[in-house]
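The exercises below are to be worked with the sequence and the coordinates at hand. Each task is followed by a solution in steps.

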Amino acid sequence: MRVETDDTVYQVTSRWLGPKGLTFPVAVTYGSIGIGVLTWGLLTFIESFVGIHGGVVLNLVDLAAALAVGYFIGEKISHDVTGRSVLLTFLAETNGAHRATTECEHAVLRPDLIKIVKVTE
Amino acid sequence: MKSGVALKKIEGNVTTSGTERTAWFLLAPARWSFRSTSECNQLIASSAQRYSELGGRRLRLRVTSRPYAVAEWAAALDAQSPNALPGWADHLLSQQRHLGGMVLAEKLAFVGVDLKVAASKRRRAEMAAEVAEVDAVMAAAGMDAEPATSADLEYLIQRSVSLGMPAPLEMPPTVDVLDETDLPEITDGVEWTCDPYGRSVKVTAEVDGEKVDRYVVVQVAGRMQPMDIPEAGEPWLQRPDRLPFPVEISAEINVLDNAKVTKGFNHALALVRSQTGMYLEHSLDPPSALERQRQTALALEDQVSAGYDGLQARTESWIRYAVSGATEAEALDRARQLAKLYAPGITLVRPSGQYGLAREFIPGSSRSSDAHKRHLPVLHVGAAVPQAAAMIGDKDGPYLGRTAGTSQRPVMWNPHAAMEVRERSGLLVVAGTLGSGKSTLLGKLAHDAVIRGVPTVLLDPSGRLKDLTTVPAIAAVSRHIDLMDAVPGALSPYRVVPEPQEAAYPSHAAYLDARAGAEAERQELCEEILLTILPASLADMPATLMVVGKAVRAIRGLQTTNPHQVIEALRHVEGSNAEHASDVAEVLDGRARSPLARLIFPPNGYVPPETGKAPLLTVITMAGITLPQQGSKRQDWTTPERFAVVQLRLAASLATRSIYSTEANARKMLMLDEAWALVLTPSGKAFIERVSRDSRKVNLRVCLASQDAMELVAAGVANWVDAAMIGTTTGADAQRDALSLLGVEAGCGYEAILGGLSQRDRRSGKRSPVRDWVFQDGNGGLEVIRPDISGTPELMAALDTTADPTKVIAANGRLTLDDELELMPV
């Protein structure tokens with residue numbers, strides 16, 4: 001008997017081809033668009049927070065940066081490796097208390113947290 | 001990341017971490033080798049059914065290994081060997097050392113089932129009911145799991161915390177009370193470190209007072225191609241057993257309920273529709289993958305909503321494999337080997353976040369990443385069969401060797417367990433062509449029996465095993481008899497059948513019956529021997545059968561009777577066949593005077609059987625005997641071949657004589673090589689049937705060895721077989737017969753295994769030094785094994801029967817022409 005995973009069903013790639021009547025030369029995934037929009041918003045927020053006003057040129061730079069980040073991170077994301085898992089792994093790897101470079105060698109295990117109780121029949 | 005394990009409490013087989021409670025079970029090992037396709041399918045379907053019954057729950061699978069408990073085995077074997085020889089203690093010690101130096105492990109497959117009822121003192125009844133419900137599912141066919149004991153869980157935690165470290169050789173002592181004071185032994189002194197986005201996790205622990213570093217690499221199961229189940233080889237989660245290093249497996253399996261699965265498929269369909277619409281809106285052809293996905297989603301949705309047998313249930317699974325090495329390079333190399341093993345069917349990837357992934361192996365830890373989620377039908381999960389393992393032998397028998405299939409585990413086998421425990425016959429058939437290692441195997445079985453004080457008689461016509469009697473540990477209790485040098489008449493058909501002893505019978509009447517039976521047996525044996533040594537054209541005449549039978553019955557079948565008396569009686573047969581009888585007598589007289597007949601026809605009357613205490617090991621050889629070619633017709637036998645057949649038949653009876661005179665409960669062993677020649681005569685068949693039948697009553701392990709199994713199967717021996725060992729077997733018919741002895745269905749592709757055991761290396765022209773056997777242990781176990789005598793060098797030297805001319809040259813020096821001339825007879 002032949003069995004196969006259901007993975008293909010769940011791996012529908014949603015791309016945006018462009019607005020009706022205008023087809024972009026490159027189909028972009030909705031994930032990349034989302035990341036690009038977030039990046040653009042973040043950059044705009046930082047610029048306004050810091051007080052940088054660069055007019056059209058800066059807006060174009062922001063847009064280019066948003067596109068680059070969206071494309072770069074979008075490449076890392078797939079059906080197997082979701083955006084959430086990329087973010088969680090990034091946070092775990094950069095903030096983990098398990099790094100060998102930290103001053104204190106971290107004992108991973110805390111035996112005092114474990115309790116074993118023998119159940120009598 | 002937070003340090004410290006999530007596990008808070010272990011209560012019986014239930015672990016608690018945070019608000020989650022998990023009930024842990026240990027799966028019973030399941031045999032996979034040599035199962036028929038239908039049996040494999042049945043196991044997979046049962047297993048899948050159990051998974052589907054756990055719908056809506058999260059399962060955690062954890063596969064690890066435990067070193068073979070050598071000391072426990074030695075203690076059990078010692079207890080089973082009350083009459084062992086003085087050298088037994090040293091032998092057992094050397095066997096333990098030998099086993100201790102090998103990488104032999106037993107697989108342990110744990111399944112943790114998350115419980116839904118939250119722990120609360122007020123909901124005890126609900127909690128107990130849920131645990132009972134899960135227990136029942138896990139105990140059913142397909143899982144055959146038992147709740148893990150505290151000791152099991154303690155071991156699992158220890159292995160997981162010290163991931164990649166050598167497994168502890170000593171098991172945690174089983175004690176009645178376990179509390180937190182026991183745990184520092186497991187968890188103290190272990191450190192895990194990992195660089196950001198590092199390729200491995202460094203685990204440092206103290207082993208025997210020294211700090212040991214191991215590098216652990218975790219890989220996850222990526223894309224999985226369609227697979228045919230049952231798989232041609234081993235199940236996909238058993239595959240790492242092939243590797244020479246340990247692989248730890250951890251998996252989280254969420255068994256989904258149908259509503260969630262249907263929702264997922266509908267969501268996928270909506271996406272497909274939306275994407276297709278977008279492509280059409282832009283006047284573009286939609287990718288063909290979209291249509292394929294739509295068709296698949298519709299078909300699966302239909303299957304899931306229409307399936308009532310539970311086999312359509314779906315899971316979300318995350319599967320992790322951990323390998324370790326003394327250096328990071330070694331660990332990465334092992335990871336590559338593992339990935340290669342799975343390619344191309346399953347892609348293994350080494351993702352970032354190694355630390356979090358390694359933590360998942362510790363019971364109670366949560367999943368570190370959503371990545372690499374596999375959507376597997378339960379049948380796919382059921383086909384993993386993580387509990388598949390080599391199942392062979394027992395725990396208290398002598399060490400026979402190790403399995404040579406996918407996993408390496410020691411094979412211990414108690415030859416007398418069939419009679420003493422299972423109350424079955426004790427017939428073992430050993431079949432293998434020349435060079436298959438038959439002599440070595442028989443020699444090892446005999447040596448291990450004798451050193452444990454079991455009286456053993458070994459009939460080895462070729463004489464290859466005569467040196468067994470020189471092995472120092474058993475030499476003092478061993479004797480070699482070459483029948484060709486025995487006194488004339490040693491194999492007289494009247495002499496070889498023992499005289500019943502009255503003390504062995506409950507009543508005088510029973511004794512008289514036995515004595516009459518022995519007399520009749522001697523007469524039948526003599527009649528058959530005389531007919532066999534006659535030319536076939538004469539023996540097959542009805543008149544010959546009549547006159548020989550008449551003459552045999554004219555003489556009483558006493559132990560003191562001489563076959564010459566039967567020939568004399570033939571001369572005095574009266575009636576219409578008198579002349580023919582006289583002719584037959586003349587022919588028989590001629591044959592009886594031939595040197596070949598010396599052992600059967602004593603020239604000087606009765607030769608009394610030997611008396612006195614028999615040695616523990618008797619090796620009977622018949623150097624120079626010329627047996628007919630296996631499979632040849634009786635009519636084609638030459639005179640020496642006829643005598644060889646009858647001599648072997650009589651020698652078998654002679655060998656059995658001392659066995660029957662021993663006390664019934666005492667263990668005994670009888671080994672008959674070239675057994676195929678025994679079944680060529682009706683009395684030989686009857687002889688085998690009798691010893692097989694009696695083996696249970698008299699606690700006798702009978703080993704019949706033959707080059708192939710065809711004659712034995714044709715004689716109906718398969719009906720009495722308890723255990724079988726099949727070596728290299730070529731030829732379709734021989735392979736079919738061998739499989740029937742093993743109890744394996746023919747035509748399932750296992751024939752190729754029999755033909756491929758111990759193959760010759762074509763490049764070097766040498767046969768592999770190891771000889772593999774398919775062993776059916778009589779207790780449901782069936783595996784390819786590799787007998788191992790390397791732990792007993794003296795035995796290895798005695799059993800090395802491979803011709804090696806350098807040994808002669810080394811011993812004697814090369815003969816010069818002068819030497820040869822001197823040696824030439826004048």
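**Exercise 1.** How are α18(B) and α19(B) oriented to each other: roughly parallel or roughly antiparallel?

*Solution.* This is a predicted model, in which local features need pLDDT of at least 70 and side-chain atom pairs count only at pLDDT 80 or more, while totals for chains, interfaces and linings use all residues. Residues are numbered from 1 along each chain as its sequence is written, chains are lettered from A and ligands numbered from 1 in the order in which they are written, and side-chain values use heavy atoms, with hydrogens and water left out.

Step 1. Helices (H or I, at least four residues) and strands (E, at least two) are DSSP runs, numbered from the N terminus. The axes, which are lines fitted to C-alpha atoms, for helices over the stretch in contact, form angles from 0 to 180 degrees between N-to-C directions.

Step 2. The axes of α18 (residues 563-571) and α19 (residues 578-593) of chain B come within 8 Å and cross at roughly 155°. Angles under 35 degrees count as roughly parallel, over 145 as roughly antiparallel, 65 to 115 as roughly perpendicular and the rest as oblique, and α18(B) and α19(B) are therefore roughly antiparallel to each other.

Step 3. In the contact (heavy atoms within 4.5 Å), B:His564, B:Ile567, B:Leu570 and B:Arg571 of α18(B) meet residues of α19(B), among them B:Ala581, B:Val584 and B:Leu588.

**Exercise 2.** Is B:Glu674 buried or exposed, and what is its phi?

*Solution.* Step 1. B:Glu674 lies in the loop between β21 (668-672) and α21 (682-697) of chain B, where its phi is positive, near 50°, although the residue is not a glycine.

Step 1. With a relative accessible area of 15%, B:Glu674 is buried.

Key:
Buried means under 20% relative accessible area, exposed over 50%, partly exposed in between (1.4 Å probe, protein chains only).
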